[in-house]
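Let's take a walk through this one together.

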Amino acid sequence: MGHGHHKIEIKQEQFAVPAKAKRFAIGLTIIGLILAGIGIATMDKGGSHGHGHETAATKHEHAATAAAGGEIAVNEHAADAHANATEHHGNVENENFGPRAEFHKQNKPWTTRIWSNILIVGYLLFMVSLAALFFVAVQYIANAGWSAAIKRVPEAISTFFPVGFALAFIAILVAKSDLYHWVHYEHQHLTKGQPGFDAILDGKSWFLNSKMFLIFPVVLVVIWWMLGRKLRSLSVAEDAAQPGDVSFFKKSIRYSAGFAVIYGFTIAVVAWLWMMSIDAHWFSTIFGVYNFATSWVTALTIICLFVLYLRSQGYLKIVSDEHIHDLGKFMFAFSIFWTYIWLSQYLLIWYAHIPEEMSYYQIRYEDYKFNFLLNIVLNFLCPFLILMMRNAKRNPVVLTIVGCILIFGHFHDVWLMVVPGVFGPGQQIGLLEIGTLLTFGGIFIYWVMIALTKRGLIAVNHPYIEESAHHDVGV
Amino acid sequence: MGIIDNNLSLRDRNRMLVGIWEDEDKLVEATSELVHAGVKIQDVYTPYPVHGLDRIMGVRRSWLSIVAFMCGATGFSLAFWMIYYMYVQDWPLDVGNKPVRFSPSWVPVLFEATVLCTAFGMGFFFFLRNRMIWGIKPELLDDRQTDDRMVIAVETGEGVDEKKVLQIMKDHGAVELRERIGGVQTTI
């Protein structure tokens with residue numbers, strides 16, 4: 001409209017993966033494998049967890065005496081209960097922390113750490129790729145025009161979600177009784193009255209059981225995958241249609257609405273089953289939203305980085321700084337959204353001070369204080385302070401740096417959801433963790449670039465492609 | 001430069017040429033032509049934001065985001081001082097043995113106060129700077145410029161080729177041309 005006096009030509013583009021980009025992706029994977037290999041070689045493989053638990057137990061007992069300090073410390077009663085539970089199995093109340101402490105104490109095979117890393121990275125990439133599909137759906141539902149020029153990028157990213165899902169699923173299949181203490185408990189088949197009987201886990205077992213755990217997410221993935229495939233095929237069929245044919249667009253809106261409703265309700269279920277159940281005694285009603293926020297901001301970041309890369313290679317000619325600015329705003333805004341949700345979960349639990357709710361934060365605040373605070377620095381302070389200025393959101397270098405911080409930050413966030421609950425205190429991100437992230441990150445980049453070559457880069461017959469080409473956010 | 005932008009006032013203008021448009025594309029073309037011809041445009045009035053007009057006219061970036069930041073910082077500071085005075089200095093309360101100093105319970109209050117002051121401050125200073133505030137009489141070049149018409153105003157003076165200006169306006173879809181002397185407009 002505004003540039004009515006000059007017309008922007010909209011041409012189809014075909015992406016071919018540059019050799020340099022292939023080398024980069026493969027190189028990341030190789031470096032990742034090497035780092036992970038060094039990490040595994042230098043890892044303490046002999047029964048370190050028994051020792052680890054002793055420090056955990058003493059720490060928690062110490063916390064009980066220090067509880068009056070008013071900091072985030074365990075409620076005295078609960079801490080006593082915890083200390084007792086590790087020695088003898090008393091009444092139901094005392095069981096609150098008992099089995100988990102036992103779980104940390106038991107000797108797990110050293111491969112558990114590898115599987116936990118594959119679970120973390122697989123889950124993150126799965127959630128992120130699915131959030132990219134949600135991005136496409138949201139654009140249709142909102143009737144958004146600006147994003148038509150970049151929509152092939154989230155479409156390509158979304159093809160990865162079954163792979164990420166498979167990674168997490170394999171890790172769960174192989175190591176579930178070492179990763180999830182409720183699975184370990186389930187295998188004991190205890191009934192009421194028997195020593196070690198856990199009323200909380202027993203009460204949850206109608207939902208939290210191995211069948212539900214494995215089958216339900218698979219059903220969901222099949223549904224998501226079918227809807228995602230339909231959306232992508234409508235999008236590519238539109239390219240070959242007559243200009244001005246909006247029937248594909250209208251159909252896409254309907255499928256997008258269907259996907260968004262299903263996704264909105266079901267993504268939380270996967271988060272409960274696979275992430276929240278790591279601390280099975282604990283629950284948080286906002287946990288699904290929290291996981292969505294993590295995956296959504298990471299997905300926006302990855303979309304932005306891919307768009308920046310394609311532009312730097314001379315592709316996406318109709319994408320201007322205005323689109324980049326909007327993607328930067330998304331990264332900025334949804335980092336704040338993530339913080340808002342993160343704090344909402346933390347603040348209520350901190351305020352209420354109920355032992356069964358605090359178990360999650362107790363170990364993270366006491367034994368993982370550095371990581372707990374680093375989470376806020378990486379995922380809130382960095383994007384908030386760096387991306388606040390307008391020029392930063394239009395600068396590819398700044399966006400790339402903040403993007404890398406955010407991707408690592410949200411990897412670290414998922415790591416912090418998993419590791420304290422599985423291993424108890426004393427873990428840290430090391431070469432194995434970084435290596436796993438790089439390995440699968442490289443595969444992810446390679447996969448998405450191949451997916452980008454499968455169809456034209458520009459949705460040339462999208463009804464809003466003209467509007468998107470003229471997108472302008474003003475001076 | 002005061003907070004209220006006096007450059008926007010029309011009161012003391014000697015003589016102005018006023019063109020009226022009904023089509024925004026033609027308005028953008030006319031603006032572009034006038035700028036290319038080196039004519040200094042007083043202002044373009046539209047009932048809604050017309051994309052691209054700001055770039056063509058060479059409007060500089062507004063200071064509003066800086067004002068917003070300052071308002072936000074003010075809100076944060078006021079809330080911080082309020083909480084600190086009430087909750088730490090004047091009347092500390094033991095709520096569930098929570099710390100009174102710098103605890104997470106401060107965060108929602110600080111956040112809300114920051115957002116409140118940013119939003120109200122931005123709105124207030126925006127209207128103040130644009131002379132849309134009580135005490136300042138609105139000066140409209142055409143009653144319908146807030147509805148469905150668009151207006152370009154050019155101030156005449158030395159070095160302004162009036163014939164050329166009027167010709168450009170006429171050629172690019174002006175539905176009406178007027179001259180304005182001492183606040184009174186007559187159709188040319």
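What follows covers the interface and then the ring pairs.

A quick word on the ground rules: this is a predicted model, where local features need pLDDT of at least 70 and side-chain atom pairs count only at pLDDT 80 or more, while totals for chains, interfaces and linings use all residues. Residues are numbered from 1 along each chain as its sequence is written, chains are lettered from A in the order in which they are written, and side-chain values use heavy atoms, leaving out hydrogens and water.

Start at the interface: 18 residues from chain A and 21 residues from chain B make the contact (heavy atoms within 4.5 Å). Two salt bridges cross between chain A and chain B, where a salt bridge is a side-chain nitrogen of Lys or Arg within 4 Å of a carboxyl oxygen of Asp or Glu. A:D472 pairs up with B:R55 in a salt bridge, with the closest N and O atoms 2.8 Å apart.

Now for the rings, which count as a pair if the centres of Phe, Tyr or Trp rings (for Trp, the six-membered ring) lie within 6.5 Å, with planes under 30 degrees apart called stacked, over 60 edge-to-face and the rest tilted. Over all chains, the structure holds 57 aromatic pairs. Take A:Y180 and A:F213: their ring centres are 4.8 Å apart and their planes sit at 75°, so this pair is edge-to-face. Both A:Y180 and A:F213 are buried (under 20% relative accessible area with a 1.4 Å probe, protein chains only; over 50% is exposed, and in between is partly exposed). A:Y263 and A:F292 are buried too, and they belong to one aromatic cluster whose members include A:W146 and A:F330.
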